[in-house]
Amino acid sequence: MTEREERSGVVGVEDQYGDGRYVEFAREKDGLFEEWLHFTFFRELDRAFGGHGRRKVLDLGCGGGAISRKIVRRYGNGVTVLGLDITRAMLEGAQAGGDCGGAIAYHLGNMLELSKVRAVTDAAPFQAVTSSLVLGHMRSTAELHRAFSEMLRVLAPGGVSIHLLIPEPIPGEKEGSTVPVDLPMSNGPPVRVYDTMWAHTTYRDIMNKAGFKDAVVMPCSVDPAAIERDGEEKWKTILGEFGGFALLVGYNNS
């Protein structure tokens, strides 16, 4: 990531992702994410899901649909996914990637207003609510609390809420500040997005205040098979550039 400067004001999500370039970035980095961020994500989802059975998953900020498709492919015919995103360009990218034979339904909607999304209210409750690098779009602790409250409202008793988190604020950076982050592409200029920087403990504490029980944050670890194949030095270099991501996990124990 490049050195960041604090940016005053809020950049709308549509302005950041409306041109579809983030979908290109996600596709380019999918192999990296598979062996690192997604490895940790699915390790914890495996633990939560346990055996086989019918499950419904709500994938918030589904973007290009990578996580939605991987969930269906991993868990098979008993799983359906509702992918929700606030930008039409991202949904178009998700739809172009396929719906896994109808197991995924993509819908336009705001995660802060799930009660206004008919597809969500009709399908609830869900056995899992997920997101990947999305909670950094919440611009205040009030929005974070509202987001977690909305998730809990549509989550089945015993259901799990799993979220990949962006890195914490760097030294000297004020928590809650909205900053530009440049995501490197192999060809062309980097993709610039704006994230609001929160300490990982802030996500955890607000998740608990919203009604989840014993939410935890854990670092994202690399698939041991990838380390054995590529060597530790390569992954040290990768994590030096992209490190600091974490996973937030909470359950509806009501």
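1. Trp-36 and Phe-245 are both buried, where buried stands for under 20% relative accessible area, exposed for over 50% and partly exposed for what lies in between, with a 1.4 Å probe and protein chains only. The model is a predicted one, in which local features need pLDDT of at least 70 and side-chain atom pairs count only at pLDDT 80 or more, while totals for chains, interfaces and linings use all residues. Residues are numbered from 1 along each chain as its sequence is written, and side-chain values use heavy atoms, with hydrogens and water left out.

2. A search of the whole structure gives 5 aromatic pairs, a pair being two rings of Phe, Tyr or Trp (its six-membered ring) with centres within 6.5 Å, called stacked if the planes are under 30 degrees apart, edge-to-face if over 60 and tilted for the rest. One of them joins Trp-36 and Phe-245 in an edge-to-face arrangement, at 5.4 Å centre to centre and with 90° between the planes. Trp-36 belongs to the loop between helix H3 (30-34) and helix H4 (37-49), and Phe-245 to the loop between helix H11 (232-242) and strand E9 (246-251), so the pair ties together parts that are 209 residues apart in sequence; helices (H or I, at least four residues) and strands (E, at least two) are DSSP runs numbered from the N terminus.

3. Phe-42 and Tyr-75 form a tilted aromatic pair, 6.5 Å centre to centre with 45° between the planes, and this pair links distant parts of the chain, with Phe-42 in helix H4 and Tyr-75 in helix H5 (residues 66-75), 33 residues apart. Phe-42 is buried at a relative accessible area of 4%, and Tyr-75 is buried at 16%.

4. E8 and E9 run antiparallel and are joined by 5 bridges, and the bridge partner of Val-216 is Val-249 in E9.

Technical notes: Pairing = 2+ DSSP bridges.
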